[in-house]
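Reader: I have a structure to read. Please show me how to begin.

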Amino acid sequence: MKISKLHHIAIICADYEASKKFYTEVLGFTVVNEVYRKERQSFKLDLSLNGQYLIELFSFPNPPARPTTPEATGLRHIAFGVDDIAASVAFLQSHNITVEPIRIDEYTQKQFTFFRDPDLLPIELYEL
């Protein structure tokens, strides 16, 4: 088997409208497709960034909470590359999003930090 690329990341959210607003209005994703699946009482929102399909955002009635701390088994976080981490942090903070202090990757000497989406999913910003 030869994998060509990452196709998408699927995220189940607790508050669909809050998560939709966060990923589109704050992080700048574009809505590719949005459907309501009546039989599942579920929205499915396909999101792209810079023309690349990346995230499927799902809503389901009463999804279980995601354990976040201490480290839980499963997806640890998603990471986005940015050109200017200080400007990105300032932008997030201007939207009242708490951002961890910027750290330095001990192996690459690049700057990175973390913040959380509305469901506390950890998201990393990594300076390119």
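**A residue, a sheet and a core**

Author: Strands are DSSP runs of E of at least two residues, and helices are runs of H or I of at least four, both numbered from the N terminus. This is a predicted model: local features need pLDDT of at least 70, side-chain atom pairs count only at pLDDT 80 or more, and totals for chains, interfaces and linings use all residues. Residues are numbered from 1 along each chain as its sequence is written, and side-chain values use heavy atoms, without hydrogens and water.

Reader: Is Ser48 buried or exposed?

Author: Buried means under 20% relative accessible area, exposed over 50%, partly exposed in between (1.4 Å probe, protein chains only). Ser48 counts as buried because its relative accessibility is 9%.

Reader: Which residues is Ser48 in contact with?

Author: Contact means heavy atoms within 4.5 Å. Leaving aside neighbours within four places in sequence, Ser48 touches Phe29, Thr30, Val32, Tyr53 and Leu54.

Reader: In what order do the strands of the open sheet run?

Author: Two strands pair if DSSP finds at least two bridges between them. Here 4 strands form an open sheet, ordered 1-4-3-2, with mixed pairing. Strand 1 (9–13) and strand 2 (30–37) are the edges, each pairing on one side only. Strand 3 (residues 42–49) and strand 4 (residues 52–59) are antiparallel, with 6 bridges. Leu45 stands opposite Leu57 in strand 4.

Reader: How many residues has the largest nonpolar core?

Author: Such a core is a set of buried Ala, Val, Leu, Ile, Met, Phe, Trp, Tyr and Cys residues joined through side-chain atoms within 4.5 Å. The largest has 24 residues; Tyr23, Ile55 and Phe115 have the most contacts inside it. Helix 1 gives the largest share, 4 residues.
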